Amino acid sequence: MSPINENKYLTPRVNWVSPKTFPDLNEHEIHIWRVSLSCEAAKIAELEPLLSPDELSKADRFVFDKDRWSYIAGRGTLRNILSHYVFADPVMLEFAYAKNGKPALGGRHAASQLKFNLTHAQDLMLVAVSSTEELGIDIESLRDVAYDEMAEQFFSDEEVAALRSVPKHLQTEAFFSCWTQKEAYIKALGEGLSYPLKQFTVSFLPNRPAALLKTSHSTQASRWTMSRFIPCAGYLGALAVRGHSWRYKHWDWKD
Amino acid sequence: MSEKELKETILAVLATIAPEADLSEIDPDELLQDELDVDSIDFSNFVLGLYKKTGIEIPERDYPKILSLNGCVAYLLGKAVAS
């Protein structure tokens with residue numbers, strides 16, 4: 001193993017592209033869309049009518065307007081993005097939810113087989129889309145957390161040891177790299193917070209590629225592709241998907 | 001710990017993970033994650049904080065029982081009585 005660079009982490013920074021026209025999704029591609037949830041009132045007024053009655057009801061339950069606006073921006077934009085893939089009116093999309101809350105296209109568009117997953121942190125949302133495989137994506141804003149305690153509680157023994165081997169000044173980023181990969185994996189599985197995080201191990205050391213190293217059940221770790229990335233300054237993200245040889249396309253949503 | 005004390009403890013822990021939130025506005029039957037817009041790290045910190053304050057360890061399989069304020073109070077009350 002090559003020595004850990006003492007000065008910086010090796011998480012790749014994403015180069016986002018604004019497509020001139022809506023891009024085709026090929027079989028071996030994963031599209032990742034970056035969406036700003038910080039919108040003007042006029043934009044919220046434009047997006048709100050796209051939401052379903054249950055989404056509007058949820059929006060109305062937020063205590064703070066900023067959270068309500070953020071939810072409307074996220075849901076409305078998700079509908080706009082997905083509608084391009086299935087050639088539908090965004091208002092007509094229906095969502096179905098797995099037992100742990102993972103959304104999928106429902107109703108007449110369930111047959112499209114389009115797979116997607118979304119994540120948000122503060123004013124940033126990412127939407128990952130595949131035409132064939134279930135996937136999971138997670139982002140976190142980098143911030144001070146009691147990572148020693150949290151790792152002890154939620155990471156596998158191998159991960160705790162790996163985290164302790166990282167130079168102190170890189171440990172916060174290492175912690176978030178591990179956490180986002182673990183979250184992306186359980187989201188890809190369609191599992192929720194109650195999935196035991198200690199029972200699988202990911203690779204997150206600065207000088208090693210992201211990977212699923214070990215699972216406790218029949219899922220073969222080597223069948224998964226994990227990736228980690230910096231979507232923009234102050235955030236860290238990860239994506240998990242079954243299979244290999246994926247091509248990632250990073251698109252900026254500027255509607 | 002009484003039900004009232006447990007509720008106060010839970011709210012005190014919530015205040016540390018969602019310092020900007022007005023906790024008096026929480027609907028006790030709604031999902032805390034939706035009410036406070038907390039992410040997975042915040043929620044895990046919530047679990048850790050409850051453990052520190054009450055000594056009650058909450059296994060991951062029981063997380064669905066503590067997703068609302070009322071659910072959390074009932075769960076911890078049950079655990080406290082059992083111990």
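Predicted model: local features only at pLDDT ≥ 70, side-chain atom pairs only at ≥ 80, totals over all residues.
**View 1. A salt bridge between A:Glu158 and A:Lys214.** The closest N and O atoms of A:Glu158 and A:Lys214 are 2.4 Å apart. Because A:Glu158 lies in helix α5 of chain A and A:Lys214 in strand β8 (residues 211-214) of chain A, the pair ties together parts that are 56 residues apart in sequence.

**View 2. A salt bridge between A:Glu152 and A:Arg164.** In this pair the closest N and O atoms are 2.2 Å apart. A:Glu152 belongs to helix α4 of chain A and A:Arg164 to helix α5 (residues 157-165) of chain A, and the two residues, 12 apart, link distant parts of the chain. The relative accessibility of A:Glu152 is 42%, which places this residue in the partly exposed class, whereas A:Arg164, with a relative accessible area of 53%, is exposed.

**View 3. A salt bridge between A:Glu48 and A:Arg68.** Here the closest N and O atoms are 2.8 Å apart. A:Glu48 sits in the loop between α1 (41-47) and α2 of chain A, while A:Arg68 sits in helix α3 of chain A, so the pair ties together parts that are 20 residues apart in sequence. A:Glu48 is partly exposed, with a relative accessible area of 24%; A:Arg68, by contrast, has a relative accessible area of 18% and is buried, because the cut-off for that class is under 20%. Over all chains, the structure holds 18 salt bridges.

**View 4. Strand β1 of chain A and its two pairings with β11(A) and β5(A).** Of the 8 residues of strand β1 (residues 29-36) of chain A, 7 are buried, so the strand is largely enclosed by the rest of the structure. β1(A) runs parallel to strand β11 (residues 247-252) of chain A, to which 6 bridges join it, and in this pairing A:Ile30 stands opposite A:Tyr248. With strand β5 (residues 124-130) of chain A, β1(A) pairs in the antiparallel sense over 6 bridges, and there A:Ala128 is the bridge partner of A:Ile32.

**View 5. The contact between chain A and chain B.** Chain A gives 24 residues to this contact and chain B gives 23 residues. The area buried between the two chains is about 2,100 Å², and carbon and sulfur atoms give 55% of it. A:Val63, A:Phe154 and A:Leu193 supply 26% of the area that chain A buries against chain B, more than any other three residues.

**View 6. Charged and polar pairs between chain A and chain B.** There are 3 salt bridges between the two chains, and 6 residue pairs are in polar contact, both residues of each being at pLDDT 80 or more. The elements that give two or more residues to the side of chain A that touches chain B are α2 (53-61), α3 (65-86), α4 (147-154) and α6 (171-189) of chain A. By class, that side of chain A has 13 nonpolar, 3 polar and 8 charged residues. In one salt bridge, the side chains of A:Arg143 and B:Asp39 meet at 3.1 Å, N to O, and A:Glu140, A:Arg143, B:Asp39 and B:Asp42 are linked in a network of salt bridges.

Notes. Residues numbered from 1 in each chain as written. Chains lettered and ligands numbered in written order. Heavy atoms only, no water. Contact = heavy atoms within 4.5 Å. Buried area = accessible area lost by both parts, 1.4 Å probe. Salt bridge = Lys/Arg side-chain N within 4 Å of Asp/Glu carboxyl O. Polar contact = N/O pair within 3.5 Å; in protein donor to acceptor, adjacent residues only side chain to side chain. Helix = DSSP H or I, 4+ residues; strand = E, 2+ residues; numbered from the N terminus. Nonpolar A, V, L, I, M, F, W, Y, C, P; charged D, E, K, R; others polar. Buried < 20%, exposed > 50% of the residue type's maximum accessible area, 1.4 Å probe, protein only. Pairing = 2+ DSSP bridges.
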